[in-house]
Amino acid sequence: MRIGIVCYPTFGGSGVLATELGKALAEKGHQVHFITYQQPVRLIEFSANIFYHEVRVATYPLFEYPPYETALSSTMVDVINNHQLDLLHVHYAIPHASAAYMAKKIVATHGKNIPVITTLHGTDITLVGRDKTLAPVVAFSINESDAITAVSKNLRDETYEIFDIKKEIEVIYNFVDVKRFQKKPIDAFRKVIAPNGERILVHASNFRAVKRVLDVVNIFAEVTKEIPSKLLFVGDGPERPATENLCRKLNLCDEIRFVGKQEQIEEILAVADLFILPSEYESFGLAALEAMAAGVPLISSDAGGLPEINVNGKTGFMSSVGDVESMSRNAIAILSDEDILNRFKRNAAEQAMKFDIHQIVPKYERLYDRFLVANLEEKKPLRRKNPI
Ligand code: GMT
C-alpha cells in the first residue's frame, strides 16, 4: 500500500508515534510518504520504502501569517498525484485534518478518491482544539474524515463530550517497540549519574504546564529525604526555567540533571528505577509506556488515559492530580525495598507487552485495508447481468 503520513516532526508524542508507525509499515513492505515541515526526529535511518516530502511555505511581505495549512494541502495534493497514494493518515487534528479535507476535495476534481484517516492524540481535542478560534474547523474536519481513531478510550469519550461527532471513533492504543527498550543498562553511564548507587528517577516531557513538572521536583525532594537518589529531566520547554529555579530554591542542584532533548531515550531509561508523570491531563502517556517497556515502574496522576496503561499497585501507583504527598509516599514505597522494586519492574515490562508494536500496527493495517477494498470495489467495471 502507498500511505501518506502527516504529523508534527518534533519530539511530541504524536510525531513520535506517527514516525514509529511509518517505520513499522515500511518494514512490512508498504511504501510510506512522510509529509511534514521538517525531517521527523525519529526518522534517522535510511529505508528503501520511506519517502520524505518537506512542506515549504511561501513567504511574501503581505503575509503576516504565512499560509502553512494551504502549503500543506498543496504538498498533499502533489504527493497523492505523483506517488499514487492509496490513503492519507494524519496525526493530530490541527491543522492536519482540515488540510487533508482540502486536499481530498482537490484530488476529487481529478477523479481520485483519497481516504483520509485522522488520529486524535490529545491536546488537539482537550486543550487547543476546543478553543473557539479553532473548534468549528476541528469538529468539521474530524466529521469529514473517512475514519477517526483515538489513542485511548478516555480520548474517544472526551472527543464525543467536547464536539458533536457523528461518526464512530475507533480506539487504537499507542504502541512501543518493546525490543528497542529492552536494553542492558550501561554501567559506566549509571556510575556517572549515580556514583554511589543512588536510585535514579526520570521525567521526560515537553515541559508544558499540563505536565506539572514542578510536582516532579517536589516529589523528588521528599524521596531524597528518605532514599539516596538522583533525578534526570529529559526534554525541554516553557516550564524549564521555573523548574530550575525550584531546584535551586530547594538546594537540589547536585541531585538533579537536565539532559535536554534526547533521541536515544532508551539508553536513559535502561538505568532508571522510577518514572514520574504527574500530568494534569494525558490522553495516553506515550513517554510512560516507553519507560514501562524499559522495565521502569510509574508514579503518575490518574488523569485522562493514564489508568488505561498504569495498573495501580502493580506497574506503579496513581494519585489524584497535584497530590504530591501521595505520589512521594508511593515512590518511597517502591524504591525502599529491592524485591518490591524488582517486582514492579517486571510487572511494568509485562504490561508494556500488551502495547507492543506487533500487537497494534496490524490494527492500523486492517483499518487501511477496509478503504483499499472499498476503493477497488468502486473502480471495478460494472458487470451487466445479461451481457448482450
Ligand atoms: O503534550 C504532549 O505530550 C505532546 C502531545 C502530542 O500530541 O504530541 O502528546 C499527546 O499525544 C501523545 C501521543 O498520542 C500522548 O501519549 C500524550 O498523552 C498526549 N498529551 C496529552 O494529552 C497532554
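Visitor: Why does Arg257 count as partly exposed?

Guide: Arg257 counts as partly exposed because its relative accessibility is 42%, and this class lies between buried (under 20% relative accessible area) and exposed (over 50%), computed with a 1.4 Å probe on protein chains only. The model is predicted, so local features need pLDDT of at least 70 and side-chain atom pairs count only at pLDDT 80 or more, while totals for chains, interfaces and linings use all residues. Residues are numbered from 1 along each chain as its sequence is written, and side-chain values use heavy atoms, with hydrogens and water left out.

Arg257 belongs to strand β10; strands here are DSSP runs of E of at least two residues, helices are runs of H or I of at least four, and both are numbered from the N terminus. Once neighbours within four places in sequence are set aside, Arg257 is in contact (heavy atoms within 4.5 Å) with Val192, Ile193, Leu231, Leu232 and Phe233. Val234 is 23 residues from Arg257 in sequence, and their C-alpha atoms are 8.7 Å apart. Cys253 is likewise partly exposed, its relative accessible area being 39%.

The strand that holds Arg257 is part of an open sheet of six strands, ordered β10-β9-β8-β11-β12-β13 and paired in parallel; two strands pair if DSSP finds at least two bridges between them. Strand β10 (256–260) is one edge and β13 (316–319) is the other, each pairing on one side only. From one strand to the next, the twist averages 20°, with axes being lines fitted to C-alpha atoms (for helices over the stretch in contact) and angles running from 0 to 180 degrees between N-to-C directions.

Within this sheet, β8 (residues 199–204) and β9 (residues 229–234) run parallel and are joined by six bridges. Leu232, among the contacts of Arg257, stands in β9 opposite Val202. Helix α12 (residues 286–293) packs on the sheet, where it touches β8, β11 (274–277) and β12 (298–301), and its direction makes about 170° with that of β11. Helix α13 (residues 324–335) also packs on the sheet, touching β8, β11, β12 and β13, with a direction at about 170° to that of β13.

Six of its six residues are buried, so β2 is largely enclosed by the rest of the structure. In a regular strand, side chains alternate between the two faces of the sheet. Gln31, His33 and Ile35 point one way from β2, while Val32, Phe34 and Thr36 point the other way.

In the loop between β2 and β3 lies another arginine, Arg42. Arg42 counts as buried, because its relative accessibility is 11%. With neighbours within four places in sequence left aside, its contacts are Val16, Thr19, Glu20, Lys23, Arg180, Ile265 and Glu290.
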